[in-house]
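Hi,

Here is the model I promised to pass on.

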Amino acid sequence: PRDRGFVAGDVVFDVARTFNGKSFRMKDHIDRLYRSLKYVRIDAGLSPQEFTDISEEAITRNESLRSEVGDFAVSQFVTRGPGSWPREAGPPTVCVSVRPIAFERYAKHYGGGAPSVITRTRSYSAESLDPKVKHYSRMNFNLAELEAADVDPEAWPILTDLDGNLTEGTGYNVLLVTDGTIRSPGDRSILQGVSRGTVFELAEQLQIPVVEEDLQPYDLYTADEAFFASTSMCVLPVTSADNRQIGDGRPGDVTQQLLAAWSERVGLDIVGQALRFAG
């Protein structure tokens, strides 16, 4: 109970996933974790390779359970450890945990698209806490989830920065499609999502242009398509915002192309698996 991860939110983390029991872009997740550790000045006491090896071992140890759940989420976190003051705290608490992917949270939205709500609760200012650090100090995310549910119990929140520009969701990046171009907020006020990076790679493969720019609610309301990108969901279509229909109210062609290309890359039907194991 005296661990600073609990008493002060003094903790960074990352989450990877498996496809057919094999980790996906584990190095990118571990690299991001170590960038976060370096920024907040926590020494995990392990090299990135040691952390990777432990994460892969955790997957292997749980392989006998995978047939029941489909695939795994692999969470890694490091706290500064117990102590009243950060400069005196330690040793760090280090954890790798494996759990079933929560397919039931989102599987149903692949067919009809998820509803979203732009919340009054904002993202942290980059001047206060750089969003490129993946941390558990997320009370604003909790409040945004509750606020979105007040509008629609099924809605997914989208936050904005202090200037009113769209930033991200509560654990997922937000992307739009306008006139065949994928549009993303720049990374000044968002997490540098590994899945967002995968979307950019697949878009290049599919010859779909991508731009990073400031996006306002107007851009979301008038977009042809919108989707979320995250480790578990990969790409999830979004078909409404603040009870306004996006595009024709159905998952769009670009979103579907990205899902198909991602499924081909990992050798697994992403949507089919989610529907099969939801619940």
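Strand β5 (residues 114–118) is mostly covered, with five of its five residues buried (buried means under 20% relative accessible area, exposed over 50% and partly exposed in between, with a 1.4 Å probe and protein chains only). Before you read on: this is a predicted model, so local features need pLDDT of at least 70 and side-chain atom pairs count only at pLDDT 80 or more, while totals for chains, interfaces and linings use all residues. Residues are numbered from 1 along each chain as its sequence is written, and side-chain values use heavy atoms, leaving out hydrogens and water.

In a regular strand the side chains alternate between the two faces of the sheet. Both faces of β5 are covered: Ala114, Ser116 and Ile118 are buried on one side, Pro115 and Val117 on the other.

What does β5 pair with? Three bridges join β5 to strand β11 (residues 234–241), running parallel, and Ala114 stands opposite Val238 there. Three bridges also join β5 to strand β6 (residues 156–158), again parallel. (Strands pair if DSSP finds at least two bridges between them; helices, H or I of at least four residues, and strands, E of at least two, are DSSP runs numbered from the N terminus.) Val117 stands opposite Pro157 in β6. From β5 the chain crosses through helix α6 (residues 139–151) to β6, a right-handed β-α-β crossover: with the strands pointing away from the viewer, the path from the first strand over the helix to the second runs clockwise.

Lastly, helix α7: Val194, Ser195, Arg196, Thr198, Val199, Leu202 and Ala203 are buried in α7. Gln207 follows α7, with a positive phi near 60°.

Cheers
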